[in-house]
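Biologist: I would like to learn how to read a protein model. Could we go through it feature by feature?

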Amino acid sequence: MKKLTYLFLALLIVACSSDDNSNTSSIDGRWNLTSIKYNGSNETLNSCDLESYLILNQNGSGTGYTYYTDYPDNPEIEPCGLDFTFDISFLEISNNVYSMNWDYGDGDEENGTAEINSNILTVNSTYDGDNWETKLTKE
């Protein structure tokens, strides 16, 4: 009888528990840059690089914001600042998997796929013949 009570309590807890991260799989929102791999090698990102982010909307559009400085350890020479923005379009091709296009302007585009796993967005793309893996975390 004691085992049945424990089993019932366990089932009740599982059945009644709520998922506090129910919206983490949604693509809309702000995604902050956390890492980049270039042709399979991890890129060293400084604190200014890590200011970069994407804003994605439910309608399949968005904007990327890239921050940059030549002197990350010497901000008095050149402080970290917004370097450029770019347009994003995307389309869900399966559950939490998207085709994605980053339009830098003047016909300069990057195409790839993006996948959401919990609160991590992983974008795999090819740009100028090089392979990129960009990871972002949802804010």
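Modeller: We begin with a definition: a residue is buried under 20% relative accessible area, exposed over 50%, and partly exposed in between. Please keep in mind that this is a predicted model.

Biologist: How does R30 count by relative accessibility, and how does E139 count?

Modeller: R30 has 27% relative accessibility, so R30 counts as partly exposed. E139 has 64%, so E139 counts as exposed. Over the whole protein chain of 139 residues, 27% count as buried.

Biologist: Which elements make up the protein chain, and in what order do they run?

Modeller: The protein chain has one helix and nine strands. Read from the N terminus, the order is α-β-β-β-β-β-β-β-β-β. As for contacts between residues at least 6 apart in sequence, 37% join residues at least 24 apart.

Biologist: Let us turn to charged side chains. How many salt bridges does the count come to?

Modeller: The general idea is that side chains of opposite charge can pair when their charged atoms come close. Here the count comes to one salt bridge. The side chains of E139 and R30 form a salt bridge, at 3.4 Å from N to O. R30 belongs to strand β1 (residues 29-38) and E139 to the segment after β9 (130-138), so this pair ties together parts that are 109 residues apart in sequence.

Biologist: Which side chains does N32 join in polar contacts?

Modeller: N32 lies in strand β1. A polar contact of 2.7 Å joins the side chain of N32 to that of R30, and a polar contact of 3.4 Å joins it to that of E139. In sequence, N32 and E139 are 107 residues apart, while their C-alpha atoms are 6.7 Å apart in space.

Biologist: Is N32 buried or exposed?

Modeller: N32 has a relative accessible area of 18%, so N32 is buried. Leaving aside residues up to four places away in sequence, N32 touches S52, Y53, K135, L136, T137 and E139.

Biologist: Which residues do ring pairs link into a cluster?

Modeller: The cluster consists of F84, F86, W102, Y104 and Y127.

Biologist: Which residues of the largest nonpolar core touch the most other members?

Modeller: In soluble globular proteins, nonpolar side chains tend to be buried together. In this model the largest nonpolar core has 17 residues, and those touching the most other members are I27, W31, L54, L56, I88, M100 and L121. At least two residues of this core come from each of β1, β3, β5 (81-94), β6 (97-105), β7 (108-117) and β8 (120-127). Take L121 as a case: not counting residues up to four places away in sequence, L121 touches W31, L54, L56, A114, E115, I116, T134, K135 and L136.

Biologist: Where do N39 and N96 lie?

Modeller: N39 lies in the loop between β1 and β2 (41-42), and N96 in the loop between β5 and β6. With 38% relative accessibility, N39 counts as partly exposed, whereas N96, with 16%, counts as buried.

Note on methods. Residues are numbered from 1 along each chain as its sequence is written. This is a predicted model: local features need pLDDT of at least 70, side-chain atom pairs count only at pLDDT 80 or more; totals for chains, interfaces and linings use all residues. Side-chain values use heavy atoms; hydrogens and water are left out. A salt bridge is a side-chain nitrogen of Lys or Arg within 4 Å of a carboxyl oxygen of Asp or Glu. Helices (H or I, at least four residues) and strands (E, at least two) are DSSP runs, numbered from the N terminus. Buried means under 20% relative accessible area, exposed over 50%, partly exposed in between (1.4 Å probe, protein chains only). Rings of Phe, Tyr and Trp (its six-membered ring) pair if their centres lie within 6.5 Å; planes under 30 degrees apart count as stacked, over 60 as edge-to-face and the rest as tilted. A nonpolar core is a set of buried Ala, Val, Leu, Ile, Met, Phe, Trp, Tyr and Cys residues joined through side-chain atoms within 4.5 Å. Contact means heavy atoms within 4.5 Å. A polar contact is a pair of N or O atoms within 3.5 Å; within protein, one must be able to donate a hydrogen and the other to accept it, and residues adjacent in sequence count only if both atoms are side-chain atoms.
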